[in-house]
Amino acid sequence: MSTLTRFVLSPFIMVLMAVLLLSDSGLNAQAYDAGFRTITFIDSDRNNREIECEIYHPAESAGQNVPMASGQFPHIVFGHGFLMNVGAYESIATALAEEGFIVLLPTTEGGLSPNHSNFAQDLAFVADEVIEKGGDPGSFFYNHLNEKFALGGHSMGGGCTYLAVQYLENEVNTLFTFAAAETNPSAIAQMSELKTSNLILAGELDCVTPPEDHQLPMYMAQSGNDCTYYLEIDGGYHCQFNDFNFNCNLGETFCSPPGGLTREQQIETVLELLIPWLKGWLYRDCAAWDTFESIMDNEDGFEKTYSCNILPLNDPLVEILSPL
């Protein structure tokens with residue numbers, strides 16, 4: 001396991017690496033337009049609980065209620081932060097849809113007294129239900145799933161991401177979180193049960209869920225996992241993992257130090273790290289994984305600690321030894 005490491009590159013090497021990474025990863029050109037729609041799922045096992053989701057998906061043309069693009073795609077279920085509407089994640093969700101991911105954002109538990117267990121079960125139910133709908137000729141998802149999926153979330157939704165794994169019927173392929181918050185019941189306590197690959201993103205200047213109290217304990221508590229990364233973004237804030245949200249920014253205003261990243265810079269950094277991670281685990285894209293590892297080895301702007309002992313993604317044994 002490595003220790004926290006900071007990278008410093010010469011300006012020439014930084015420019016060269018940026019050109020090569022953009023060229024290799026396809027991050028400089030979107031693969032699809034982003035479609036948008038709202039779907040409400042019904043969990044009959046929980047008194048017909050309604051779980052409304054905003055959905056962003058690959059499309060041949062951008063817009064609301066447009067058809068899914070041709071092909072089969074992985075899906076991502078993403079949990080929102082405390083008192084945050086899911087529209088705060090439009091930039092992230094749109095970018096992921098343009099790269100070939102179906103992104104579902106449940107709108108439940110958005111009030112002053114959210115039930116973390118209920119929200120975690122909502123995330124798990126939606127993830128499983130989409131796979132079920134993929135075989136239903138009457139469903140929007142019919143024949144459009146590759147049946148690989150991720151769970152992710154921000155702040156409260158990050159903590160609930162880790163709680164959600166215990167409720168899944170299908171095996172999740174990877175997890176990712178932004179400034180994940182401790183929850184009730186404890187997400188930190190749940191980490192020791194997780195065996196799934198996990199990308200934990202934290203902000204250096206986060207005063208809402210300080211890394212030393214939330215994300216680092218989560219990382220340290222996870223055991224028995226072949227691949228977990230903790231990446232702390234230099235100058236990163238809690239509420240800049242998302243588009244502007246009044247409730248989030250109001251709370252952060254009273255404690256955050258100045259001088260960090262702009263919102264645009266932080267979201268750009270998140271996508272640079274997240275897209276190749278997701279393409280590696282959900283598409284078995286070896287070039288994308290090579291891009292992620294190259295970023296780890298050569299770029300600055302974050303500190304890292306990780307434990308990752310996996311075979312190359314194109315090794316046949318990966319099919320047997322991992323959920324990839």
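This is a predicted model: local features need pLDDT of at least 70, side-chain atom pairs count only at pLDDT 80 or more; totals for chains, interfaces and linings use all residues.

Visitor: What makes the backbone of S155 worth a remark?

Guide: S155 has a phi of about 55 degrees, a positive value, although the residue is not a glycine. S155 is placed in the loop between β7 (145-154) and α4 (156-164).

Visitor: Which phi does A179 have, and where does A179 lie?

Guide: A179 is not a glycine either, and its phi is positive at about 45 degrees. The residue belongs to the loop between β8 and α5. Its relative accessibility is 0%, which is under the 20% limit, so A179 is buried.

Visitor: How do you know whether the peptide bond from N184 to P185 is cis or trans?

Guide: Omega for the bond from N184 to P185 is near 5 degrees, and the bond is cis. P185 is found in the loop between β8 (174-178) and α5 (187-190).

Visitor: How many disulfides does the structure hold?

Guide: There are three disulfides. With bonded cysteines counted along the chain, they follow the pattern 1-5, 2-6, 3-4.

Visitor: Why are C207 and C255 said to form a disulfide?

Guide: The sulfur atoms of C207 and C255 are 1.8 Å apart; a disulfide requires a pair of cysteine sulfur atoms within 2.5 Å, so the pair qualifies. The angle about the S-S bond is 60 degrees, and the link of C207 and C255 is right-handed.

Visitor: What makes C207 and C255 buried, partly exposed or exposed?

Guide: The limits are under 20% for buried and over 50% for exposed, with partly exposed in between. C207 has a relative accessibility of 23%, so C207 is partly exposed. C255 has a relative accessible area of 37%, so C255 is partly exposed as well.

Visitor: How do you know that a disulfide joins C227 to C308?

Guide: The S to S distance between C227 and C308 is 2.1 Å, and this lies within 2.5 Å, so the pair is a disulfide. C227 lies in strand β10 (residues 227-233) and C308 in strand β11 (residues 302-308), so the pair ties together parts that are 81 residues apart in sequence. The torsion about the S-S bond of C227 and C308 is about -90 degrees, so this disulfide is left-handed. As for accessibility, C227 has 1% and C308 has 16%; both values are under 20%, so C227 and C308 are buried.

Visitor: What makes the disulfide of C239 and C248 left-handed or right-handed?

Guide: The torsion about the S-S bond of C239 and C248 is about -85 degrees, so the disulfide is left-handed. The sulfur atoms of this pair are 2.0 Å apart. C239 is buried at 0% relative accessibility, and C248 is buried at 8%.

Visitor: What makes the lining of the largest cavity nonpolar, polar or charged?

Guide: Its lining consists of I76, F78, Y89, I92, A93, L96, V103 and L105. Ala, Val, Leu, Ile, Phe and Tyr are among the types counted as nonpolar, so the lining divides into eight nonpolar residues, no polar and no charged. The elements giving two or more residues to this lining are β5 (73-79), α2 (90-98) and β6 (102-106). Of the elements, α2 gives the most, with three residues.

Visitor: How do the lining residues of the second largest pocket divide?

Guide: They divide into four nonpolar, two polar and seven charged. The lining has 13 residues, of which D43, D45, F125, D128 and E169 lie nearest the centre of the pocket. The volume of the second largest pocket is about 290 Å³. β2 (33-43) and α3 (116-133) each supply at least two lining residues, and α3 gives the most, with six.

Definitions and conventions: Residues are numbered from 1 along each chain as its sequence is written. Side-chain values use heavy atoms; hydrogens and water are left out. Buried means under 20% relative accessible area, exposed over 50%, partly exposed in between (1.4 Å probe, protein chains only). Helices (H or I, at least four residues) and strands (E, at least two) are DSSP runs, numbered from the N terminus. On a 1 Å grid over the protein atoms alone, a cavity is a set of points where a 1.4 Å probe fits but cannot get out, and a pocket is an open set with protein on both sides within 12 Å along at least five of seven lines; lining residues have an atom within 4 Å of a point. Grid points are joined across faces, edges and corners, and a volume is the space filled by probe spheres set on the points.
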